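I opened this model to look up the ligand site, the aromatic pairs and some backbone details. My entries are below.

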Amino acid sequence: MKRIFNFSAGPATLPEAVLKQAQSEMLEWSGSGMSVMEMSHRDKDFMSIAAQAEKDLRELLNVPAHYKVLFLQGGATAQFAAIPMNLLRGKTSADYVVTGSWGVKAQKEAGKYGKANIAARPGTFNRIPPLSEWKLDPNAAYLHYTPNETIEGVEFSFVPQSPGVPLVADFSSSFLSRPLDVSKFGLIYAGAQKNAGPAGLVMVIVREDLLGQALPITPSVLDYKQMADNESMLNTPPCYAWYIAGLVFQWIKKEGGLEGMARRNARKAGLLYDYLDSQSFYSSPVEKSARSWMNVPFILEDATLDDEFLKGAKQAGLSTLKGHRSVGGMRASLYNAMPEAGVQALIGYMKEFARTRG
Ligand SMILES: *Cc1c(COP(=O)(O)O)cnc(C)c1O
(Lines give C-alpha, C1' and ligand atoms only; values in the text may rest on other atoms or scores of the structure.)
Protein backbone atom coordinates (compact mmCIF):
# COMPACT_ATOMS: atom_id res chain seq x y z
CA MET A 1 0.00 0.00 0.00
CA LYS A 2 1.27 3.46 -0.88
CA ARG A 3 -0.72 6.52 0.12
CA ILE A 4 0.22 9.60 -1.86
CA PHE A 5 -0.31 13.30 -1.19
CA ASN A 6 -3.78 14.06 -2.51
CA PHE A 7 -4.40 17.73 -3.30
CA SER A 8 -7.97 17.19 -4.53
CA ALA A 9 -10.50 19.94 -3.80
CA GLY A 10 -13.13 17.38 -2.85
CA PRO A 11 -13.77 14.63 -2.11
CA ALA A 12 -10.44 15.19 -0.47
CA THR A 13 -7.73 13.75 1.71
CA LEU A 14 -8.77 12.48 5.15
CA PRO A 15 -6.59 12.04 8.24
CA GLU A 16 -4.84 8.69 8.03
CA ALA A 17 -5.59 8.09 11.73
CA VAL A 18 -9.31 8.37 10.95
CA LEU A 19 -9.10 5.90 8.07
CA LYS A 20 -7.17 3.46 10.25
CA GLN A 21 -9.73 3.68 13.03
CA ALA A 22 -12.56 3.15 10.54
CA GLN A 23 -10.62 0.17 9.18
CA SER A 24 -10.23 -1.36 12.62
CA GLU A 25 -13.96 -0.91 13.27
CA MET A 26 -15.12 -1.91 9.81
CA LEU A 27 -16.32 -5.42 10.64
CA GLU A 28 -17.43 -4.80 14.18
CA TRP A 29 -18.09 -1.49 15.90
CA SER A 30 -17.39 -1.55 19.64
CA GLY A 31 -18.71 -5.00 20.53
CA SER A 32 -21.92 -4.49 18.55
CA GLY A 33 -21.27 -7.52 16.32
CA MET A 34 -21.78 -5.47 13.17
CA SER A 35 -20.39 -2.68 11.02
CA VAL A 36 -21.70 0.87 11.44
CA MET A 37 -22.88 0.51 7.84
CA GLU A 38 -25.21 -2.30 8.86
CA MET A 39 -26.81 -0.65 11.88
CA SER A 40 -30.35 0.60 12.08
CA HIS A 41 -30.28 4.34 12.53
CA ARG A 42 -32.87 3.87 15.32
CA ASP A 43 -30.57 1.48 17.17
CA LYS A 44 -28.98 2.79 20.38
CA ASP A 45 -25.47 2.09 19.02
CA PHE A 46 -25.93 4.37 16.03
CA MET A 47 -27.83 6.92 18.13
CA SER A 48 -24.78 7.12 20.41
CA ILE A 49 -22.43 7.60 17.42
CA ALA A 50 -24.67 10.35 16.06
CA ALA A 51 -25.04 12.10 19.42
CA GLN A 52 -21.29 11.97 20.10
CA ALA A 53 -20.53 13.50 16.70
CA GLU A 54 -22.94 16.36 17.36
CA LYS A 55 -21.51 16.88 20.85
CA ASP A 56 -17.94 17.01 19.51
CA LEU A 57 -18.90 19.39 16.70
CA ARG A 58 -20.69 21.67 19.17
CA GLU A 59 -17.62 21.64 21.39
CA LEU A 60 -15.20 22.37 18.55
CA LEU A 61 -17.21 25.33 17.29
CA ASN A 62 -18.54 26.36 20.68
CA VAL A 63 -22.05 26.30 19.18
CA PRO A 64 -24.49 28.26 21.39
CA ALA A 65 -27.42 26.26 22.84
CA HIS A 66 -30.02 28.17 20.80
CA TYR A 67 -28.61 26.77 17.55
CA LYS A 68 -29.64 23.45 15.98
CA VAL A 69 -27.01 21.22 14.40
CA LEU A 70 -28.36 19.17 11.49
CA PHE A 71 -26.73 16.30 9.58
CA LEU A 72 -28.38 16.19 6.16
CA GLN A 73 -28.01 14.85 2.62
CA GLY A 74 -27.94 16.44 -0.81
CA GLY A 75 -24.68 18.33 -0.38
CA ALA A 76 -24.23 22.06 -0.22
CA THR A 77 -26.12 22.23 -3.51
CA ALA A 78 -29.37 21.09 -1.87
CA GLN A 79 -28.82 23.86 0.69
CA PHE A 80 -28.69 26.43 -2.13
CA ALA A 81 -32.43 25.68 -2.46
CA ALA A 82 -33.22 24.88 1.18
CA ILE A 83 -31.91 28.23 2.41
CA PRO A 84 -34.38 30.45 0.54
CA MET A 85 -37.22 27.97 1.11
CA ASN A 86 -36.65 28.06 4.89
CA LEU A 87 -35.32 31.55 5.49
CA LEU A 88 -37.33 33.89 3.26
CA ARG A 89 -39.95 33.83 6.08
CA GLY A 90 -42.53 35.94 4.29
CA LYS A 91 -39.99 38.37 2.84
CA THR A 92 -39.52 38.68 -0.88
CA SER A 93 -35.77 38.95 -1.33
CA ALA A 94 -32.35 38.01 -0.04
CA ASP A 95 -28.90 39.50 -0.63
CA TYR A 96 -26.00 37.55 -2.13
CA VAL A 97 -22.37 38.63 -2.09
CA VAL A 98 -20.79 36.67 -4.93
CA THR A 99 -17.02 36.19 -4.86
CA GLY A 100 -16.67 33.01 -6.95
CA SER A 101 -18.29 30.11 -8.77
CA TRP A 102 -20.13 28.61 -5.81
CA GLY A 103 -21.64 31.95 -4.89
CA VAL A 104 -22.88 32.23 -8.47
CA LYS A 105 -24.64 28.87 -8.16
CA ALA A 106 -26.13 29.68 -4.75
CA GLN A 107 -27.52 32.96 -6.01
CA LYS A 108 -29.00 31.40 -9.17
CA GLU A 109 -30.71 28.61 -7.25
CA ALA A 110 -32.16 31.03 -4.69
CA GLY A 111 -33.69 32.99 -7.57
CA LYS A 112 -36.14 30.14 -8.15
CA TYR A 113 -37.82 30.81 -4.78
CA GLY A 114 -37.57 34.54 -4.34
CA LYS A 115 -35.61 37.55 -5.46
CA ALA A 116 -31.86 36.97 -5.01
CA ASN A 117 -30.13 40.34 -5.22
CA ILE A 118 -26.45 40.42 -6.08
CA ALA A 119 -25.25 42.80 -3.37
CA ALA A 120 -21.65 42.74 -4.56
CA ARG A 121 -19.69 40.92 -7.23
CA PRO A 122 -16.20 41.80 -8.48
CA GLY A 123 -15.53 41.64 -12.23
CA THR A 124 -12.80 39.06 -11.69
CA PHE A 125 -12.98 36.49 -8.90
CA ASN A 126 -9.59 37.27 -7.42
CA ARG A 127 -10.51 39.55 -4.54
CA ILE A 128 -13.06 40.37 -1.84
CA PRO A 129 -14.93 43.56 -2.79
CA PRO A 130 -14.55 46.24 -0.09
CA LEU A 131 -17.62 46.75 2.10
CA SER A 132 -18.05 50.22 0.57
CA GLU A 133 -19.03 48.48 -2.71
CA TRP A 134 -21.75 46.32 -1.13
CA LYS A 135 -25.34 47.34 -1.81
CA LEU A 136 -27.18 45.80 1.12
CA ASP A 137 -30.94 45.83 1.49
CA PRO A 138 -31.98 46.33 5.13
CA ASN A 139 -35.21 44.46 4.37
CA ALA A 140 -33.48 41.39 2.92
CA ALA A 141 -34.49 38.08 4.50
CA TYR A 142 -30.81 37.21 4.90
CA LEU A 143 -27.33 37.97 3.54
CA HIS A 144 -25.54 35.01 1.93
CA TYR A 145 -21.82 34.77 1.17
CA THR A 146 -19.17 32.14 0.55
CA PRO A 147 -16.32 32.52 3.07
CA ASN A 148 -14.02 30.39 0.93
CA GLU A 149 -14.45 30.00 -2.82
CA THR A 150 -13.04 26.56 -3.53
CA ILE A 151 -12.43 27.00 -7.26
CA GLU A 152 -10.89 30.48 -7.33
CA GLY A 153 -9.11 30.19 -3.96
CA VAL A 154 -10.59 33.44 -2.66
CA GLU A 155 -11.23 33.58 1.09
CA PHE A 156 -12.68 36.18 3.46
CA SER A 157 -10.27 37.02 6.28
CA PHE A 158 -13.15 38.52 8.29
CA VAL A 159 -16.83 37.92 9.06
CA PRO A 160 -18.94 40.65 7.42
CA GLN A 161 -21.51 42.48 9.52
CA SER A 162 -25.17 42.44 8.56
CA PRO A 163 -27.04 44.37 11.26
CA GLY A 164 -30.64 43.20 11.54
CA VAL A 165 -30.29 40.69 8.70
CA PRO A 166 -29.32 37.06 9.43
CA LEU A 167 -25.92 36.19 8.00
CA VAL A 168 -25.79 32.91 6.04
CA ALA A 169 -22.51 31.33 4.97
CA ASP A 170 -21.44 28.41 2.79
CA PHE A 171 -18.43 27.10 4.72
CA SER A 172 -18.09 23.93 2.63
CA SER A 173 -14.38 24.30 1.90
CA SER A 174 -13.17 26.06 5.04
CA PHE A 175 -15.31 24.41 7.72
CA LEU A 176 -13.29 23.69 10.88
CA SER A 177 -10.12 25.18 9.38
CA ARG A 178 -9.87 27.90 12.05
CA PRO A 179 -11.91 29.21 15.01
CA LEU A 180 -15.31 30.69 14.19
CA ASP A 181 -17.82 32.73 16.20
CA VAL A 182 -21.06 30.93 15.31
CA SER A 183 -23.13 33.53 17.20
CA LYS A 184 -22.49 36.03 14.37
CA PHE A 185 -24.46 33.86 11.95
CA GLY A 186 -28.09 32.97 11.35
CA LEU A 187 -27.01 29.82 9.53
CA ILE A 188 -23.82 28.17 8.39
CA TYR A 189 -23.58 25.06 6.24
CA ALA A 190 -20.84 22.85 4.93
CA GLY A 191 -20.61 19.74 2.77
CA ALA A 192 -18.44 17.20 4.56
CA GLN A 193 -16.30 16.06 1.65
CA LYS A 194 -13.87 18.99 1.67
CA ASN A 195 -12.66 19.26 5.24
CA ALA A 196 -14.81 17.12 7.48
CA GLY A 197 -15.48 13.66 6.11
CA PRO A 198 -16.79 11.71 3.13
CA ALA A 199 -19.29 12.84 0.51
CA GLY A 200 -22.99 12.37 1.19
CA LEU A 201 -23.27 14.53 4.29
CA VAL A 202 -23.88 18.25 4.72
CA MET A 203 -23.98 19.95 8.10
CA VAL A 204 -26.29 22.87 8.85
CA ILE A 205 -26.01 24.97 12.01
CA VAL A 206 -29.01 27.26 12.31
CA ARG A 207 -30.38 29.68 14.91
CA GLU A 208 -33.60 28.31 16.35
CA ASP A 209 -35.70 31.44 15.92
CA LEU A 210 -35.29 31.19 12.12
CA LEU A 211 -37.07 27.83 11.98
CA GLY A 212 -40.71 27.02 11.36
CA GLN A 213 -41.60 29.39 8.52
CA ALA A 214 -40.59 27.32 5.51
CA LEU A 215 -42.45 27.85 2.23
CA PRO A 216 -45.36 25.37 1.97
CA ILE A 217 -43.71 23.72 -1.05
CA THR A 218 -40.54 22.88 0.93
CA PRO A 219 -39.78 19.15 0.69
CA SER A 220 -39.83 17.59 4.18
CA VAL A 221 -36.20 16.49 3.89
CA LEU A 222 -35.18 20.11 3.30
CA ASP A 223 -37.38 21.57 6.04
CA TYR A 224 -35.06 22.52 8.89
CA LYS A 225 -37.84 22.53 11.48
CA GLN A 226 -38.96 19.02 10.59
CA MET A 227 -35.37 17.81 10.49
CA ALA A 228 -34.55 19.49 13.81
CA ASP A 229 -37.67 18.05 15.48
CA ASN A 230 -36.54 14.60 14.34
CA GLU A 231 -32.83 14.98 15.20
CA SER A 232 -31.95 14.78 11.47
CA MET A 233 -33.64 11.38 11.32
CA LEU A 234 -36.93 12.22 9.67
CA ASN A 235 -35.75 9.60 7.19
CA THR A 236 -32.61 7.46 7.04
CA PRO A 237 -29.62 9.75 7.51
CA PRO A 238 -26.22 9.26 5.80
CA CYS A 239 -25.17 6.99 8.68
CA TYR A 240 -21.68 5.99 7.64
CA ALA A 241 -20.65 9.50 6.54
CA TRP A 242 -21.97 10.84 9.85
CA TYR A 243 -19.83 8.28 11.72
CA ILE A 244 -16.67 9.15 9.76
CA ALA A 245 -17.28 12.89 10.28
CA GLY A 246 -17.51 12.08 14.00
CA LEU A 247 -14.07 10.46 13.84
CA VAL A 248 -12.72 13.54 12.06
CA PHE A 249 -14.11 15.79 14.83
CA GLN A 250 -12.34 13.65 17.44
CA TRP A 251 -9.11 13.83 15.43
CA ILE A 252 -9.37 17.64 15.31
CA LYS A 253 -9.91 17.78 19.07
CA LYS A 254 -6.83 15.61 19.60
CA GLU A 255 -4.78 17.83 17.28
CA GLY A 256 -5.45 20.98 19.28
CA GLY A 257 -8.97 21.90 18.17
CA LEU A 258 -9.62 24.77 15.78
CA GLU A 259 -6.70 26.78 17.16
CA GLY A 260 -4.47 23.83 16.35
CA MET A 261 -5.95 23.61 12.84
CA ALA A 262 -5.49 27.35 12.30
CA ARG A 263 -1.80 27.15 13.25
CA ARG A 264 -1.19 24.20 10.92
CA ASN A 265 -3.17 25.73 8.08
CA ALA A 266 -1.56 29.17 8.32
CA ARG A 267 1.87 27.58 8.27
CA LYS A 268 1.15 25.27 5.33
CA ALA A 269 -0.45 27.97 3.18
CA GLY A 270 2.29 30.43 4.13
CA LEU A 271 4.98 28.07 2.89
CA LEU A 272 3.34 27.72 -0.51
CA TYR A 273 2.45 31.41 -0.98
CA ASP A 274 5.94 32.47 0.12
CA TYR A 275 7.42 30.21 -2.51
CA LEU A 276 4.96 31.44 -5.18
CA ASP A 277 5.91 35.05 -4.42
CA SER A 278 9.65 34.35 -4.42
CA GLN A 279 10.07 33.54 -8.13
CA SER A 280 8.39 34.13 -11.51
CA PHE A 281 8.03 30.65 -13.03
CA TYR A 282 4.73 30.25 -11.11
CA SER A 283 2.32 32.86 -9.81
CA SER A 284 -0.81 33.23 -7.69
CA PRO A 285 -3.77 34.91 -9.45
CA VAL A 286 -5.38 36.01 -6.17
CA GLU A 287 -4.90 39.34 -4.37
CA LYS A 288 -2.84 38.87 -1.25
CA SER A 289 -5.56 39.94 1.19
CA ALA A 290 -7.99 37.37 -0.25
CA ARG A 291 -5.78 34.33 -0.54
CA SER A 292 -7.29 31.08 0.71
CA TRP A 293 -5.61 28.84 3.26
CA MET A 294 -7.48 25.87 1.88
CA ASN A 295 -7.34 26.09 -1.91
CA VAL A 296 -4.26 27.57 -3.54
CA PRO A 297 -4.58 28.12 -7.28
CA PHE A 298 -1.39 28.90 -9.17
CA ILE A 299 -0.42 29.27 -12.78
CA LEU A 300 2.70 28.41 -14.74
CA GLU A 301 4.12 31.37 -16.62
CA ASP A 302 4.31 29.06 -19.65
CA ALA A 303 0.95 27.23 -19.81
CA THR A 304 2.27 24.87 -22.51
CA LEU A 305 4.15 23.13 -19.67
CA ASP A 306 0.93 22.38 -17.71
CA ASP A 307 0.54 18.77 -18.88
CA GLU A 308 4.16 17.95 -18.26
CA PHE A 309 3.96 19.54 -14.80
CA LEU A 310 0.94 17.43 -13.88
CA LYS A 311 2.43 14.21 -15.26
CA GLY A 312 5.66 14.69 -13.31
CA ALA A 313 3.73 15.58 -10.16
CA LYS A 314 1.71 12.38 -10.38
CA GLN A 315 4.93 10.39 -10.75
CA ALA A 316 6.30 12.18 -7.68
CA GLY A 317 3.26 11.08 -5.63
CA LEU A 318 1.49 14.46 -5.80
CA SER A 319 -2.02 13.89 -7.06
CA THR A 320 -4.93 16.00 -8.37
CA LEU A 321 -3.18 19.35 -8.83
CA LYS A 322 -5.09 20.32 -11.97
CA GLY A 323 -7.11 23.51 -11.54
CA HIS A 324 -10.89 23.41 -11.93
CA ARG A 325 -11.92 23.00 -15.57
CA SER A 326 -13.56 26.45 -15.49
CA VAL A 327 -10.37 28.34 -14.59
CA GLY A 328 -7.46 26.12 -15.72
CA GLY A 329 -3.98 26.28 -14.23
CA MET A 330 -3.20 24.41 -11.05
CA ARG A 331 -4.79 24.19 -7.63
CA ALA A 332 -3.39 22.67 -4.48
CA SER A 333 -6.01 22.05 -1.80
CA LEU A 334 -4.43 22.10 1.65
CA TYR A 335 -7.26 20.96 3.89
CA ASN A 336 -6.77 20.12 7.58
CA ALA A 337 -5.73 16.55 6.78
CA MET A 338 -2.92 17.55 4.38
CA PRO A 339 0.32 17.18 6.36
CA GLU A 340 3.00 19.84 6.15
CA ALA A 341 5.21 17.15 4.58
CA GLY A 342 2.83 17.16 1.60
CA VAL A 343 3.27 20.90 1.10
CA GLN A 344 7.07 20.54 1.43
CA ALA A 345 7.03 17.76 -1.15
CA LEU A 346 4.96 19.90 -3.51
CA ILE A 347 7.29 22.89 -3.18
CA GLY A 348 10.31 20.63 -3.66
CA TYR A 349 8.81 19.27 -6.87
CA MET A 350 7.87 22.76 -8.10
CA LYS A 351 11.40 24.04 -7.50
CA GLU A 352 12.96 21.12 -9.34
CA PHE A 353 10.51 21.47 -12.25
CA ALA A 354 11.23 25.21 -12.53
CA ARG A 355 14.99 24.59 -12.35
CA THR A 356 14.98 22.04 -15.17
CA ARG A 357 12.37 23.75 -17.44
CA GLY A 358 12.85 27.41 -16.60
C1 LIG B 1 -17.99 21.73 -3.12
C2 LIG B 1 -18.74 22.97 -2.80
C3 LIG B 1 -20.12 23.06 -3.00
C4 LIG B 1 -20.94 21.95 -3.62
O5 LIG B 1 -21.00 20.83 -2.82
P6 LIG B 1 -21.86 19.56 -3.25
O7 LIG B 1 -21.69 18.65 -2.08
O8 LIG B 1 -21.25 19.01 -4.50
O9 LIG B 1 -23.26 19.99 -3.44
C10 LIG B 1 -20.74 24.24 -2.64
N11 LIG B 1 -20.07 25.26 -2.11
C12 LIG B 1 -18.73 25.21 -1.90
C13 LIG B 1 -18.02 26.39 -1.32
C14 LIG B 1 -18.03 24.06 -2.24
O15 LIG B 1 -16.71 24.00 -2.03
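The entries start with the ground rules and then move to the ligand.

**Ground rules.** I am working on a predicted model, where local features need pLDDT of at least 70, side-chain atom pairs count only at pLDDT 80 or more, and totals for chains, interfaces and linings use all residues. Residues are numbered from 1 along each chain as its sequence is written, and side-chain values use heavy atoms, with hydrogens and water left out.

**Ligand shell.** I listed the residues around the ligand and got 13. A residue counts as near if one of its heavy atoms lies within 4 Å of the molecule. Thr-77, Thr-150, Asp-170, Gln-193 and Lys-194 come nearest. I sorted the shell by class: 3 nonpolar, 8 polar and 2 charged residues. Here Ala, Val, Leu, Ile, Met, Phe, Trp, Tyr, Cys and Pro count as nonpolar, Asp, Glu, Lys and Arg as charged, and the others, Gly among them, as polar.

**Polar atoms at the ligand.** The side chain of Thr-150 has an N or O atom 2.4 Å from a ligand oxygen. For Asp-170, a side-chain N or O atom is 2.6 Å from a ligand nitrogen. Gln-193 places a polar side-chain atom 2.8 Å from an oxygen of the ligand. I then checked the cover: the ligand taken alone exposes 390 Å², and the protein buries 86% of that. These areas come from the Shrake-Rupley method with a 1.4 Å probe.

The ligand takes up the space of the largest pocket. A pocket is an open set of points on a 1 Å grid over the protein atoms alone, where a 1.4 Å probe fits, with protein on both sides within 12 Å along at least five of seven lines. A molecule sits in it if more than half of its atoms lie within 2 Å of its grid points. Which elements give two or more residues to the shell? They are α3 (75-87) and α5 (192-195). The most come from α3, with 4 residues. Helices are DSSP runs of H or I, at least four residues, and strands are runs of E, at least two, numbered from the N terminus.

**Aromatic pairs.** I found 19 in the structure. Rings of Phe, Tyr and Trp (its six-membered ring) pair if their centres lie within 6.5 Å; planes under 30 degrees apart are stacked, over 60 edge-to-face, the rest tilted. Phe-309 and Tyr-349 form a tilted pair, 5.2 Å centre to centre with 55° between the planes. Phe-309 lies in helix α9 (residues 306-315) and Tyr-349 in helix α10 (residues 340-357), so this pair ties together parts 40 residues apart in sequence.

**Backbone.** Gly-10 and Pro-11 are joined by a cis peptide bond, with omega about -10°. Pro-11 lies in the loop between β1 (5-6) and α1 (16-24). Ser-30 is not a glycine, yet has a positive phi of about 40°. Ser-30 lies in the loop between α1 and α2 (44-61).

Methods:
Polar contact = N/O pair within 3.5 Å; in protein donor to acceptor, adjacent residues only side chain to side chain. 1 Å grid on protein atoms, 1.4 Å probe; cavity = no way out; pocket = protein on both sides within 12 Å on 5 of 7 lines; lining within 4 Å.
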